[in-house]
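I have set them out as numbered points, to be read beside the sequence and the model.

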Amino acid sequence: MKSLEKSTMKSQAITDLRNRGGHPLSLLYSEIYSAAVLTGRLQHGRSQPGFSLKGASPFYLSALAGFRHGLEKPDVFDVIRDVLRVYYEKVVPEHAAEWLGMQVAESHVFRQNPPWAAVFPWRARSIESYRQAYEKAAIEENRSVGIMDRDIQDGWLFCGPVSEAKMDVEARRIGNVLKSIKDQSYCRSDESDGDARATALVKSNGEWRWLLTAGNHRAAAASALGYDSIPIRVNLVIDREHVDFWPHVRNGNYTREQALEFFDRVFEAESPPITKSWNQFVLRELAAVAVCD
């Protein structure tokens, strides 16, 4: 989600907390900094709508399939695309509410918007702003692999349906970053696109998880290549205890209970019902691999 975050990152001062306790709450008391680099354990990483970066994330599993197949083989993109195809055919939410796993009335605003308008309850952006940012990001994603004439009409990277062209875009993005990390190791910088970016989710006991806002392919590839952790750049820290102050709870788009349920589900890497057939497929495939091993 490059463009959604990019405009807010230009003037950020970044503090590196990897060797100073390494907890996201420290960012809240680092007043001259607006982002922090932390060590993100991949088993604690999440991609929307709640996948684990060491579990059912389609980006992780397609990257793993490509890596096991052999990155040097000419058909590696086909292998990656085959995994993504299963996911994009099985996970096809009709609207933002279904993507979020929310049971709401027909007239609710999330039932009137596409999945990419599913703003999280703690975000300050409006639904319209969120939707437009992802539509702009889709164009940039496609252009990053040389496809210049495609936009959100070809699909959204996080769910189906997507066109063959969009599926090819996502397979190439994953394949390219896999090869880059394999050849050069995982690198970071303080440039605006120099890290995978994440929101930190913190519970009252101090436990925390991180939800990617940009760099999904990078983090998934690192996980597939066997990394246990990567540097992540956190610019938003969400305390579960502050639910009553989350913008989309205050404006009524989420009830307090719905917002907490969403937080807990992401925290525990439990994806919504729309992903059920995908999760069942993943379990079957893992079971088959275990039998073969």
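Which helix gives the most to the lining of the largest pocket?

1. It is helix 7 that gives the most to this lining, with six residues. Please keep in mind throughout that the model is predicted. The largest pocket has a volume of about 640 Å³, and its lining is made up of 26 residues, of which Arg 173, Val 177, Asp 193, His 217 and Arg 218 lie nearest its centre. At least two lining residues come from each of helix 6 (127-143), helix 7 (164-184) and helix 8 (216-224). By class, the lining of the largest pocket divides into nine nonpolar, ten polar and seven charged residues.

2. The packing of helix 6 against helix 7 deserves a point of its own. The two pack at an angle of about 65°, with their axes 9 Å apart, and since angles of 65 to 115 degrees are counted as roughly perpendicular, helix 6 and helix 7 are therefore placed in that class. Helix 6 passes helix 7 in a left-handed crossing. On the helix 6 side the contact involves Ala 138, Glu 141 and Asn 142, which meet Lys 166, Val 169, Glu 170 and Arg 173 of helix 7. Sorted by class, this contact has two nonpolar, one polar and four charged residues. Arg 173, which takes part in this contact, is also among the residues nearest the centre of the largest pocket.

3. Helix 7 also packs against helix 8, at an angle of about 55° and with the axes 9 Å apart. That angle makes helix 7 oblique to helix 8, and the crossing of the two is right-handed. Helix 7 contributes Glu 170, Arg 173, Ile 174, Val 177, Leu 178 and Ile 181 to the contact, while helix 8 contributes His 217, Arg 218, Ala 221, Ala 222 and Ala 224. By class, the contact of helix 7 with helix 8 has seven nonpolar, one polar and three charged residues. When reading this contact beside the first point, note that Arg 173, Val 177, His 217 and Arg 218 take part in it and are also listed among the residues nearest the centre of the largest pocket.

4. Lys 182 and Ala 222 are 40 residues apart in sequence, yet 8.7 Å apart in space, C-alpha to C-alpha. If residues up to four places away in sequence are not counted, Lys 182 touches Phe 67, Leu 71 and Leu 225.

5. Turning to another helix pair, helix 3 (residues 58-69) and helix 4 (residues 76-90) pack at an angle of about 150°, with their axes 8 Å apart. That makes helix 3 roughly antiparallel to helix 4, and their crossing is right-handed. From helix 3, the residues Pro 58, Phe 59, Leu 61, Ser 62, Ala 65, Gly 66 and His 69 meet Val 76, Val 79, Ile 80, Val 83, Leu 84, Tyr 87 and Tyr 88 of helix 4. By class, this contact has eleven nonpolar, three polar and no charged residues.

6. The second largest pocket has a volume of about 370 Å³. Among the 16 residues that line it, Leu 61, Ala 65, Arg 68, Glu 285 and Leu 286 are the closest to its centre. Helix 3, helix 4 and helix 11 (276-292) are the elements that give two or more residues to this lining, and helix 11 gives the most, with six residues. By class, the lining of the second largest pocket has eleven nonpolar, one polar and four charged residues.

7. Most residues other than glycine have a negative phi, and most peptide bonds are trans. The peptide bond from Gln 48 to Pro 49 is cis, with omega near 10°, and Pro 49 is found in the loop between strand 3 (45-47) and strand 4 (51-52). A cis peptide bond also joins Gly 160 and Pro 161, where omega is about 0°, and Pro 161 has its place in the loop between helix 6 and helix 7. Ser 185, although not a glycine, has a positive phi of about 70°, and it is found in the loop between helix 7 and strand 5 (196-202).

Notes: Residues are numbered from 1 along each chain as its sequence is written. This is a predicted model: local features need pLDDT of at least 70, side-chain atom pairs count only at pLDDT 80 or more; totals for chains, interfaces and linings use all residues. Side-chain values use heavy atoms; hydrogens and water are left out. Axes are lines fitted to C-alpha atoms, for helices over the stretch in contact, and angles run from 0 to 180 degrees between N-to-C directions. Helices (H or I, at least four residues) and strands (E, at least two) are DSSP runs, numbered from the N terminus. Angles under 35 degrees count as roughly parallel, over 145 as roughly antiparallel, 65 to 115 as roughly perpendicular and the rest as oblique. A crossing is left-handed if the near helix is turned anticlockwise from the far one by less than a right angle, and right-handed if clockwise. Contact means heavy atoms within 4.5 Å. Ala, Val, Leu, Ile, Met, Phe, Trp, Tyr, Cys and Pro count as nonpolar, Asp, Glu, Lys and Arg as charged, and the others, Gly among them, as polar. On a 1 Å grid over the protein atoms alone, a cavity is a set of points where a 1.4 Å probe fits but cannot get out, and a pocket is an open set with protein on both sides within 12 Å along at least five of seven lines; lining residues have an atom within 4 Å of a point. Grid points are joined across faces, edges and corners, and a volume is the space filled by probe spheres set on the points.
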